[in-house]
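Subject: Structure handover

Hello,

I am passing on the structure we talked about. Please open it first, then read my notes below with the model on screen.

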Amino acid sequence: MNKQMKKLLLLLNSTDYKSGTELGVKLGLTRSSVWKLINQIKELGVSIESKTNSGYRFSHPIELLDKKIISKYLSTNNQYLINNMVILEDVSSTNTYLLQEPFNNEKKISICLAEAQNNGRGRLGRNWCSPFGKNLYMSIGCNFTSGVKDISGITLAIAVAVAETLNLYIRSKDIGIKWPNDIYWQNRKLAGILSEIKGEGYSMYRIIVGVGINLSMEQTYSQYISQPWVNLEEIINKTPERNRIAGLVLNQIIENIKIFQKYGLMPFLKSWEKYDIFYGKKVILSTPREIICGINSGIDEHGYLLIKDDQNEIKKFAVGEISMRDAKIK
Ligand code: BTN
């Protein structure tokens, strides 16, 4: 996105119509150049209404991401830990962006947020639908020394951070986690987490954890999504505050990363039971090798899923897709 487009986005971001002439004067452009720019913004997936004799306006005003507001929700200690926070208008994927950062030895955290992703990535090679300004797409990069055991558990600690913060925000306990790290509300997916490792095999790893939270994406996007999903707007019946939620979630993620770096997953096991939507329920687990039925008995300190089979034997699994027996959840 170029500077003119960004300026136009900010000018249009209100409920009032702005005429092509007015926009042209503010941008130093002709009316037809404004029109061209409007079309470029529409191509990002932003819906803009136009009305004869009135001009243009956003169909739904967007709360654009703002570093200053987001930082207000980060504790001073956590702000100090952040090396760099970038906000991009459009990127292939915030995870990819941080994966491409040069590997440094600093113990600090990098954060990348974007208004849109043109190649948002989900788990198991799926796409992550990422239209402009409607949801949150953010990634956090941090270093771990090889001394830290069971690095994959970090994703579960982060899922606990996301579920906890969103429940506090909506003042309820209805948001839960489906192992290993899907965030659900009433059997519909609200948010997802994708963690990736860089520098494997060296004395230091860099973990990139990407979090996508559906905030205000319209149902028309269902054509691009292969599973039942929900956005926060539908849950709370009003427009969610993008910057506040980003700040609150990032702050809690950093808190949980600090705890995980010291103690691993152990301190999160109790919270996990609270949020695990299938805890104590009959489930089916599909792994690349087999399909297992049994009772979901939570996770162990490595983040493995524990399934109790008909012989009351507990089996552990590192990968797989879990679903309720006799239910349609995916
Ligand atoms: C899932 O499949 O549930 C994981 C979804 C993760 C989506 C987030 S959005 C920010 C970051 N960038 C990506 O490309 N993916 C993650």
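Please keep in mind that this is a predicted model. My notes start with one serine, move on to the ligand, and then turn to the chain as a whole.

**Ser-139**

The side chain of Ser-139 makes a polar contact of 2.6 Å with the side chain of Asn-95. A second polar contact, of 2.7 Å, links the side chain of Ser-139 to that of Thr-94. Ser-139 itself is part of strand β5, which covers residues 136–145.

Is Ser-139 buried or exposed? Its relative accessible area is 0%, and buried means under 20%, so Ser-139 counts as buried.

If we leave out residues up to four places away in sequence, Ser-139 touches Thr-94, Asn-95, Leu-98, Ser-110, Ile-111, Cys-112, Ile-208, Val-209 and Gly-210.

**The ligand**

Around the ligand there are 20 residues, and those that come nearest are Ser-93, Gln-117, Arg-121, Arg-123 and Lys-189. Sorted by class, this shell holds six nonpolar, ten polar and four charged residues.

A polar side-chain atom of Lys-189 is 2.6 Å from an oxygen atom of the ligand. For Ser-93, an N or O atom of the side chain is 2.8 Å from a ligand oxygen atom.

How much of the ligand does the protein bury? On its own the ligand exposes 420 Å², and the protein buries 99% of that.

Which elements give two or more residues to the shell? They are α6 (94–99), β5, β8 (188–198) and β9 (204–213). The largest share comes from β8, which supplies four residues. Strand β5, on this list, is also the strand that holds Ser-139.

**The chain as a whole**

The chain has ten helices and 14 strands. Its radius of gyration is 21 Å, close to the 20 Å that the globule rule gives for 330 residues, so the chain is as compact as a globular protein of that length. Along the principal axes, the C-alpha trace spans about 75 × 45 × 35 Å.

Of the 330 residues, 51% are buried. The accessible surface of the chain is about 16,400 Å², and carbon and sulfur atoms account for 49% of it.

Contacts between residues at least 6 apart in sequence can also be sorted by how far apart the partners are along the chain. Of these contacts, 65% join residues at least 24 apart.

Leu-9 and Arg-57 are 48 residues apart along the chain, while their C-alpha atoms are separated by 9.8 Å. Glu-43 and Phe-132 are 89 residues apart in sequence, with 9.8 Å between their C-alpha atoms.

Leu-9, in helix α1 (residues 3–12), counts as buried because its relative accessibility is 2%. Glu-43, in helix α3 (residues 31–43), counts as exposed because its relative accessibility is 70%.

**Backbone points to check**

Most residues other than glycine have a negative phi, and most peptide bonds are trans. The following places depart from that pattern.

- The peptide bond from Trp-179 to Pro-180 is cis, with omega near 5 degrees. Pro-180 sits in the loop between β6 (175–178) and β7 (182–185).
- Asn-53 has a positive phi, near 70 degrees. This residue is in the loop between β1 (48–51) and β2 (55–58), and at 81% relative accessibility Asn-53 counts as exposed.
- Gln-186 also has a positive phi, near 45 degrees. Its place is the loop between β7 and β8, and with 52% relative accessibility Gln-186 counts as exposed, since the cut-off for exposed is over 50%.

Regards

Terms used. Residues numbered from 1 in each chain as written. Predicted model: local features only at pLDDT ≥ 70, side-chain atom pairs only at ≥ 80, totals over all residues. Heavy atoms only, no water. Buried < 20%, exposed > 50% of the residue type's maximum accessible area, 1.4 Å probe, protein only. Polar contact = N/O pair within 3.5 Å; in protein donor to acceptor, adjacent residues only side chain to side chain. Contact = heavy atoms within 4.5 Å. Near = heavy atom within 4 Å. Areas by Shrake-Rupley, 256 points an atom, 1.4 Å probe, with all protein chains shown as cover. Nonpolar A, V, L, I, M, F, W, Y, C, P; charged D, E, K, R; others polar. Rg over C-alpha atoms; globule rule 2.2 N^0.38 Å.
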